[in-house]
Amino acid sequence: MTLCFLGLDFGMNDFSITTVKAYARRLLRILVLATLAAVPLALYAADAGSKVVADTAYYDWQVQDYEIREPLGGLVGVPERGARIASDQHAGNCYACHVLPLAADEFYGDLGPPLAGIASRQSVGMIRLHVVDQTRFNPETVMPGYYRRFEQLNRVAEKFRGRTYLTAQQVEDVVAWLATLRAEPSP
């Protein structure tokens with residue numbers, strides 16, 4: 001079997017092609033993770049025209065039985081805004097690692113589990129904890145803690161210190177949207 005690349009013909013067997021594809025997928029994952037680490041997500045608002053999110057109060061949260069049962073700051077999430085935040089590359093950017101039940105996008109990631117049907121598998125409190133601080137479930141995770149205490153964040157540029165990736169309202173919006181995802185995708 002041959003692989004044509006920029007008009008050049010390289011003789012490659014099936015094993016070589018499979019190996020190249022595997023390395024390409026790994027490279028894509030590394031690039032996605034590097035992008036996530038480099039983008040200061042807290043600076044962007046998915047539902048506002050401005051680029052900078054105003055400083056907002058930090059609401060403390062408590063974990064009980066792998067759940068954050070109470071909404072952050074007593075805020076009520078709006079599912080429509082949550083879907084926009086989840087799909088916005090400058091906010092939640094959930095597409096980078098998860099397959100989402102939104103409009104087709106060829107750049108879905110596969111590092112995290114698919115999110116379709118998440119509400120039928122987990123409580124709203126568990127979903128909230130996953131969004132707020134995934135390290136409570138998996139200390140080795142690459143998923144950002146979107147509302148971790150900013151004192152726990154490492155290597156944060158001076159101008160971003162004291163901020164979370166998402167505001168409490170944005171977290172609650174994403175949680176409200178994820179809580180609507182009850183049906184598993186059709187095969």
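How many salt bridges does a search of the whole structure find? The search turns up eight, where a salt bridge is a side-chain nitrogen of Lys or Arg within 4 Å of a carboxyl oxygen of Asp or Glu. Side chains of opposite charge can pair when their charged atoms come close.

A quick word on what you're looking at. This is a predicted model, in which local features need pLDDT of at least 70 and side-chain atom pairs count only at pLDDT 80 or more, while totals for chains, interfaces and linings use all residues. Residues are numbered from 1 along each chain as its sequence is written, and side-chain values use heavy atoms, with hydrogens and water left out.

Let's start with helix H4, residues 124-132. Helices here are DSSP runs (H or I, at least four residues; strands are E, at least two), numbered from the N terminus. Seven of the nine residues of H4 are buried, so the helix is largely enclosed by the rest of the structure. Buried means under 20% relative accessible area, exposed means over 50%, and partly exposed sits in between (1.4 Å probe, protein chains only). The buried set is Gly125, Ile127, Arg128, Leu129, His130, Val131 and Val132. What do these residues pack against? Their partners are helix H3 (118-121) and helix H5 (168-178), with contact taken as heavy atoms within 4.5 Å.

Now pick out Arg128 from that list. Its side chain meets that of Glu172 in a salt bridge, 2.9 Å from N to O. Arg128 belongs to H4 and Glu172 to H5, so the pair ties together parts that are 44 residues apart in sequence. Both ends are tucked away: Arg128 is buried at 4% relative accessibility, and Glu172 is buried at 3%.

Asp133 is buried, at 1% relative accessibility.

Asp65 is exposed at 59% relative accessible area, and Arg69 is partly exposed at 41%. Along with Glu67, these two are linked in a network of salt bridges.

And disulfides? The search finds zero, a disulfide being a pair of cysteine sulfur atoms within 2.5 Å. The sulfur of Cys94 has its closest cysteine sulfur in Cys97, 8.8 Å away, too far for a bond. Cys94 is buried at 13% relative accessibility, and Cys97 is buried at 11%.
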